[in-house]
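Here's a quick tour of a protein model, written for someone just starting out. Have a look at the structure, then read on.

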Amino acid sequence: MCINNNSYQFEKVFNQASSQLSVFQETTIHLIDNFFNGYDSTLMTYGQTGSGKTFTMFGDHRKGIIPLTGEEIFKRLKPNSRLYCSGL
């Protein structure tokens with residue numbers, strides 16, 4: 001995409017029919033894999049006001065990326081393991 005002589009490239013574009021789970025699987029699962037392999041992971045949303053960032057991250061009656069990520073992390077933790085978080 002080119003706007004005002006600036007070029008932009010997108011890895012993936014989701015439409016309104018995309019489910020919360022499909023967005024999570026396409027954008028976040030690999031970050032969780034990296035996290036468990038010892039790498040820092042960050043997911044950032046950016047966009048125009050009203051474009052759905054909060055809905056995508058938190059969800060409504062369908063879980064968004066944040067609750068799905070928490071579930072996935074705790075599902076992968078071994079019993080009696082310790083998880084240290086900073087910057088929350």
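## The largest pocket

Both α1 (20–27) and α3 (53–58) put at least two residues each into the lining of the largest pocket. The top contributor is α1, with 4 residues. (Helices are DSSP runs of H or I with at least four residues, strands are runs of E with at least two, and both are numbered from the N terminus.)

This pocket holds about 1,300 Å³ of space. It's lined by 28 residues, and the closest to its centre are Lys-12, Val-13, Phe-14, Val-23 and Tyr-46. A pocket here is an open set of points on a 1 Å grid over the protein atoms alone, where a 1.4 Å probe fits, with protein on both sides within 12 Å along at least five of seven lines; lining residues have an atom within 4 Å of a point.

## Where the model comes from

The model is predicted, so local features need pLDDT of at least 70 and side-chain atom pairs need 80 or more, while totals for chains, interfaces and linings use all residues. Residues are numbered from 1 along each chain as its sequence is written, and side-chain values use heavy atoms, leaving out hydrogens and water.

## Val-13

So where does Val-13 sit? You'll find Val-13 in the loop between β2 (6–7) and α1.

The ring centres of Phe-35 and Phe-36 are 5.2 Å apart and their planes meet at 85 degrees, so the pair is edge-to-face (rings of Phe, Tyr and Trp, using its six-membered ring, pair if their centres lie within 6.5 Å; planes under 30 degrees apart are stacked, over 60 edge-to-face, the rest tilted). Phe-35 is partly exposed at 31%, and Phe-36 is partly exposed at 33%.

Terms used: Buried means under 20% relative accessible area, exposed over 50%, partly exposed in between (1.4 Å probe, protein chains only). Grid points are joined across faces, edges and corners, and a volume is the space filled by probe spheres set on the points.
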